[in-house]
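Thanks for coming. I will go through one structure today, from the whole chain down to a few residues.

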Amino acid sequence: MAANRKILSLPGDGIGPEVMRQVGRVVEWFDKKRIASFDVVEDLVGGAAYDKYGTPLAEETMKKAQECDAVLFGAVGGTKWDSLPFAVKPERGLLRLRKEMDLFANLRPALVFDPLIGASTLKPEIIEGLDIMIIRELTGGTYFGEPRGITTLPDGQRRGVNTQVYTTSEIIRVGRVAFELARKRSNKVCSVEKANVMESGQLWREEMQKLHDAEYQDVELSHMYADNCAMQLVRNPKQFDVIVTDNLFGDLLSDCAAMLTGSLGMLPSASLGAPDSSGRRKALYEPVHGSAPDIAGKDAANPLACMLSLAMMLRYSFDLKEEADVVETAVKNALNRGVRTRDIMQPGMTAVSTTEMGNAVLEELQKIGG
Ligand code: IPM
Ligand code: MN
């Protein structure tokens with residue numbers, strides 16, 4: 001079978017490599033079963049790349065990322081590199097990939113699997129059947145705005161600056177992704193900003209409304225202040241379908257939404273660029289959980305978010321919908337067996353390691369597609 005789908009695998013730091021190892025087993029399974037095959041190239045990113053090359057993302061790796069069909073990303077960061085200057089911090093590796101690949105739309109679904117209802121800190125009736133999609137703008141706003149930096153003032157004080165900035169086109173292109181996705185879901189978009197205190201928020205609100213009125217009147221659009229949205233997410237999350245928001249608010253709100261699902265260890269994400277003339281878009285898939293240095297190397301991390309990120313890759317980059325369903329069903333079935341990594345542990349369930357969770361998913365895959 002022709003392996004024409006090129007994946008760049010970047011396990012990174014902390015629990016990244018161990019969760020990615022389990023994803024590798026799923027990829028191998030697809031290959032062995034001759035269901036779908038991939039050319040997987042692995043490289044370093046984050047602290048691991050810094051230790052070897054003195055930079056969190058080598059030029060060569062950046063080039064590979066630009067040329068492949070999809071990047072599968074683990075996690076970056078750790079206490080070991082905390083005191084490095086910003087320019088070479090592990091996180092810069094990820095931010096550079098996002099920026100240079102122009103991955104402006106970050107899709108973060110928060111979906112509650114029935115067997116995990118009891119693992120959430122919220123009451124079952126609040127989260128049962130929850131299925132929301134947060135779309136976070138990923139290449140603008142405070143993360144990249146200029147001016148930025150730390151300077152020393154004449155009186156000896158230091159001054160730290162970051163800039164929140166958005167242009168019309170940046171707002172519109174991510175808004176489009178939100179409206180298009182809503183049309184395939186429950187047809188509701190909630191646009192989130194702080195238009196009451198920020199000019200960039202006012203612009204965000206106006207542009208979203210204009211875009212809606214011009215092209216997406218069939219979709220229900222509402223606006224919400226970000227602080228209220230944080231509150232509504234824990235009060236009554238099922239009121240939402242698609243939430244679209246800026247880079248910084250999206251970072252915060254998606255962590256909050258992740259916790260509704262029981263654990264950060266369950267939340268996958270896709271970061272997408274604009275489609276080119278052939279409909280192909282650059283893409284990076286990563287679990288939302290981060291590097292979790294406290295449990296790194298202990299075979300204790302939850303590999304499911306990374307596996308679900310692979311499912312998103314199958315769906316969005318390769319149009320392999322059935323294969324994506326197979327992965328998602330295998331994950332659900334593994335949970336139904338009662339196996340739990342410690343982050344989603346519940347009374348009466350069986351505590352398992354990262355590898356054992358991988359085993360369970362592989363066995364379920366085998367049952368579905370054997
Ligand atoms: C995320 C992470 C990143 C972010 C870090 C690792 C740079 O928290 O993907 O949510 O802040 O965007
Ligand atoms: Mn985050």
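One term before the details: contact, or touching, means heavy atoms within 4.5 Å. With that in mind, T142 touches N162, T163, Q164 and L248, leaving out residues up to four places away in sequence.

Now the ground rules. This is a predicted model, where local features need pLDDT of at least 70, side-chain atom pairs count only at pLDDT 80 or more, and totals for chains, interfaces and linings use all residues. Residues are numbered from 1 along each chain as its sequence is written, chains are lettered from A and ligands numbered from 1 in the order in which they are written, and side-chain values use heavy atoms, with hydrogens and water left out.

The overall picture next. The protein has 12 helices and 14 strands; these are DSSP runs numbered from the N terminus, helices being H or I with at least four residues and strands E with at least two. The radius of gyration is 20 Å, close to the 21 Å from the globule rule for 370 residues, so the protein is as compact as a globular protein of that length. That radius is taken over C-alpha atoms, and the rule is 2.2 Å times the number of residues to the power 0.38. Along the principal axes, the C-alpha trace spans about 60 × 50 × 45 Å.

Of the 370 residues, 53% count as buried. Buried means under 20% relative accessible area, exposed over 50%, and partly exposed in between, with a 1.4 Å probe and protein chains only. Of the contacts with a separation of 6 or more, 75% are between residues 24 or more positions apart.

Back to T142. This residue sits in the loop between β5 (131-137) and β6, and at 19% relative accessibility T142 counts as buried.

What does β6 pair with? Strand β6 (residues 149-152) is joined by four bridges to strand β7 (residues 158-161), and the two run antiparallel. Pairing here requires at least two DSSP bridges between the strands. I150 stands opposite G160 in β7. The two strands form a hairpin with five residues between them, and G156 in the turn has a positive phi of about 95°.

Last, another loop residue. L103 lies between α4 (90-100) and β4 (105-111). Is L103 buried or exposed? L103 is buried, with a relative accessible area of 0%. From L103 to G297 is 194 residues in sequence and 30 Å in space, C-alpha to C-alpha.
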